[in-house]
Amino acid sequence: MPVFFNPTTWTPVVLAWSFLLLLPFSRSSELPMFIMAILGGVLIWKHGKQAVWEGGAKTFSLLFLCIWVPMALSVPDSLWFEKSLSTTLTYPRIYLAGIYLIWVLREELPRQRLLKLSAWLLLFWVVDALVQAVVGYNLLGYAYPERLNGLFGPKTWKLGLTLAMLSPIVWEYVSRNGAKWQLGLAWLGTAAVVLLASNRESWIVFALATVMWVWVYARRLGFHPLKLLGPIVLIVAVAGAGAYQANPKFAQRVDQSIGVLDFTYESLNRASSSRMHLWNNALTVLENHPINGAGVRSYRYAYAKYAEADDPYLSPDGTGMIYAHQLVLEVGSETGAIGLAGLVCFFVILILSGRGMSTNSLAWAAWLGAFVWLFPVNTHTALYSAYWSLLIGWLLAVSCAMSPPPSRSPNKPLTQTPRVRCESSMPSASSA
């Protein structure tokens with residue numbers, strides 16, 4: 001009698017997917033990453049260079065080193081030594097988990113499964129958030145707070161940006177497995193939630209992801225991308241006008257953003273929620289700590305050290321703003337010129353790794369999600385924070401898993417470790 005479900009071949013995929021599943025629920029997504037980090041360490045112990053320096057693992061290793069080495073070099077004279085040290089010492093868990101992801105996703109079948117599970121999960125996020133927007137409560141009973149936030153709860157505003165960077169996973173899956181009207185509906189749903197989440201950073205991320213994904217999708221279909229982008233711009237304009245009239249919270253954010261068109265320091269500062277003032281301080285920190293920065297995650301102390309007495313971001317406890325709200329300034333102020341050099345190398349490797357990736361659905365969607373978040377011309381949440389560094393690390397690892405599997409060795413066969421073995425992309429009826 002044939003076996004139609006083999007749990008051992010599904011376990012690595014479900015473990016990888018569970019990271020996304022637990023993202024909305026505080027720090028619980030750390031658990032699957034911790035488990036994957038342990039398994040990644042086992043892989044490195046058993047397979048050595050084969051696990052970390054062949055295929056996509058080499059690209060991932062280089063990307064990680066570009067970020068982590070400057071972090072480590074910022075520790076010795078950090079203004080908050082304990083935090084810088086703990087962040088640097090725990091950051092490699094992202095690398096170890098990434099090595100595991102690259103290993104278990106090296107074949108097509110597990111990648112297809114992860115793409116499907118992730119797309120359906122994200123579509124559930126969209127439906128849940130739209131229910132919250134219409135009736136005032138989501139499916140878990142969370143009330144509509146200041147900004148639409150669905151499953152993420154009333155005290156954090158991560159839904160808009162998270163969905164904006166993960167949306168290409170939905171579009172890629174629906175475009176390859178559904179009708180064109182279903183793709184249009186999926187795009188409209190993700191766009192509506194991102195807009196109503198009222199986070200301007202996420203709006204830019206979503207717009208950039210849309211343009212890049214549509215450009216590749218149109219080429220895939222064999223016609224000029226502007227034939228798709230034109231109608232999309234029109235739809236966004238109409239939908240945005242409707243949301244502006246119907247949703248006061250969205251309208252308030254738009255009005256604040258439009259002020260940037262005055263092109264004065266005051267209008268730019270007001271439109272950016274006083275970030276011009278914040279960014280000036282970040283430059284001051286960089287000027288005073290030019291080599292290796294003030295120390296990773298120590299910006300709150302660096303800010304207070306160089307801020308004026310009446311600075312609006314100073315706290316009674318003697319600290320200031322937690323991070324610089326801009327990727328380049330965050331890296332520069334916390335890890336100095338070394339960090340900025342690493343960031344340049346990181347972008348070069350990332351861009352080169354994206355060439356020709358659009359033929360692999362999951363890898364292309366994950367690469368695009370990471371790239372649009374990291375796009376330097378935007379405001380940013382904290383690169384070195386646990387939530388965003390884990391999510392970006394997950395996406396980068398998945399994007400690197402598109403490469404062919406490492407060459408087989410008589411002494412180190414790929415299937416040597418049963419716990420992380422992937423099934424063949426063409427399973428037999430008895431093992432499907």
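**Loops, helices and core**

Modeller: Let's start with a loop: H325 lies between α15 and α16. Keep in mind that this is a predicted model.

Colleague: Is H325 buried or exposed?

Modeller: H325 is buried, because its relative accessible area is 12% and the cut-off for buried is under 20%.

Colleague: What about the phi of H325?

Modeller: Phi of H325 is positive, about 60°, although H325 is not a glycine.

Colleague: And where is R297?

Modeller: R297 sits in the loop between α14 (275-288) and α15 (299-306). Its phi is near 65°, a positive value in a residue other than glycine. R297 is buried as well, with a relative accessible area of 14%.

Colleague: Switching to helices. How do α4 and α16 cross?

Modeller: The axes of α4 (residues 56-73) and α16 (residues 327-353) cross at roughly 170° and come within 8 Å. An angle over 145 degrees counts as roughly antiparallel, so α4 is roughly antiparallel to α16.

Colleague: Which residues make the contact?

Modeller: From α4, they include L62, L63, C66 and I67. From α16, they include I338, G342, C345 and F346.

Colleague: How many of the contact residues are nonpolar, polar or charged?

Modeller: The contact of α4 with α16 has twelve nonpolar residues, five polar ones and no charged ones.

Colleague: You listed C66 and C345 there. How many disulfides does the whole structure have?

Modeller: Zero, from a search of the whole structure. For C345, the nearest cysteine sulfur is that of C66, 5.2 Å away. A disulfide needs the sulfur atoms within 2.5 Å, so C345 is in no disulfide.

Colleague: How accessible is C345, and how about C400?

Modeller: C345 has 41% relative accessibility, so C345 counts as partly exposed. C400 is buried, with a relative accessible area of 5%.

Colleague: Now the core. Which residues of the largest nonpolar core touch the most other members?

Modeller: That core has 106 residues, and those touching the most other members are L114, W125, M165, L166, L374, L391 and W394. Helix α17 (residues 361-374) gives the most to this core, with twelve residues.

Colleague: What does W394 touch?

Modeller: Leaving out residues up to four places away in sequence, W394 touches A16, F19, L20, M33, L101, L114, S118 and I169.

Definitions and conventions. Residues are numbered from 1 along each chain as its sequence is written. This is a predicted model: local features need pLDDT of at least 70, side-chain atom pairs count only at pLDDT 80 or more; totals for chains, interfaces and linings use all residues. Side-chain values use heavy atoms; hydrogens and water are left out. Axes are lines fitted to C-alpha atoms, for helices over the stretch in contact, and angles run from 0 to 180 degrees between N-to-C directions. Helices (H or I, at least four residues) and strands (E, at least two) are DSSP runs, numbered from the N terminus. Angles under 35 degrees count as roughly parallel, over 145 as roughly antiparallel, 65 to 115 as roughly perpendicular and the rest as oblique. Contact means heavy atoms within 4.5 Å. Ala, Val, Leu, Ile, Met, Phe, Trp, Tyr, Cys and Pro count as nonpolar, Asp, Glu, Lys and Arg as charged, and the others, Gly among them, as polar. Buried means under 20% relative accessible area, exposed over 50%, partly exposed in between (1.4 Å probe, protein chains only). A nonpolar core is a set of buried Ala, Val, Leu, Ile, Met, Phe, Trp, Tyr and Cys residues joined through side-chain atoms within 4.5 Å.
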